[in-house]
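Here are my notes for you to read with the model open beside them. Take the points in order and find each spot as you go.

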Amino acid sequence: MNEVIRCIKVRRSCRSFSDEPLKQNELEMIIEAGLWAPSGNNKQPWYFTVIRNKNTIEKINEDAKTNALKYLTDPKRLSIAKNKDFDLFYEAPCLVIVSADMKSGTAVADCSAAIQNMLLAAESLQIGSLWNGIIRRFWFETPGVEKFKTIYSIPEEYTPLFAVVFGYSSKNTSKGPERRLNTVNYYN
Ligand SMILES: Cc1cc2nc3c(=O)[nH]c(=O)nc-3n(C[C@H](O)[C@H](O)[C@H](O)COP(=O)(O)O)c2cc1C
């Protein structure tokens, strides 16, 4: 099978990582794949913050839950935030925060394209990945985001959108959830 199609189909969200840090050259290939994503009017409105220190990643996990308890009201989300054992990042050794310059009208789509490029690049290198959206609710969409930006040196003009984690998978990948049927119409 064509390698790109194979990666698209076998990539799965990884939620179990080995401790092994990512090799620098592999990490750079993943990040570069993100930078080569298409973007509306070629604005390239993304900003990546790469964090490889496990203590820092763990601190972001804890602080995100603390921030959620401060600002959220939804009982389901609060119960997740209260769960001491829940790790947003599943102990992955590398976390990338994807921020966007929201002056571009296509910033979220562009950053999402960059993320998908990174997930596929990781898959091609046999590296597991997970796109994390919970941090948006827990932290980035709350007033606490300003503190986050200051601590992690995110430039003023950028808004943190998502987190993505990478690492070597410590489990065999599953088949993944079935894809919904009847979502395509070849209209004649
Ligand atoms: C925008 C977005 C946000 C997501 N947020 C999370 C998340 O916070 N935590 C998580 O475990 N998975 C998250 N996922 C992964 C999805 O749960 C996963 O992609 C979906 O169940 C399909 O499984 P697959 O990735 O193995 O094909 C997210 C995926 C996307 C695209």
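1. Start at the ligand: one of its oxygen atoms sits 2.9 Å from an N or O atom in the side chain of Arg12. Arg11 has a side-chain N or O atom at 2.9 Å from a ligand oxygen too. For Ile134 it's a polar backbone atom, 3.0 Å from an oxygen of the ligand. A polar contact here is a pair of N or O atoms within 3.5 Å; inside the protein, one atom must be able to donate a hydrogen and the other to accept it, and sequence neighbours count only if both atoms are side-chain atoms. The ligand has 620 Å² of accessible area on its own, and the protein covers 66% of that. (Areas are from the Shrake-Rupley method with a 1.4 Å probe; for residues, only the protein chains shown count as cover.)

2. A word on the ground rules. This is a predicted model, where local features need pLDDT of at least 70 and side-chain atom pairs count only at pLDDT 80 or more, while totals for chains, interfaces and linings use all residues. Residues are numbered from 1 along each chain as its sequence is written, and side-chain values use heavy atoms, with hydrogens and water left out.

3. Who else is around the ligand? The shell holds 13 residues, and the closest are Arg12, Ser13, Arg15, Gly133 and Arg179. (To be near, a residue needs a heavy atom within 4 Å.) Strand 3, residues 128–132, gives the most to this shell, with three residues. (Helices, H or I with at least four residues, and strands, E with at least two, are DSSP runs numbered from the N terminus.)

4. Last stop, Thr106: look in the loop between strand 2 (94–100) and helix 5 (107–124). (Buried is under 20%, exposed over 50%, partly exposed in between, with a 1.4 Å probe and protein chains only.) Its C-alpha is 10.0 Å from that of Asn42, 64 residues apart along the chain.
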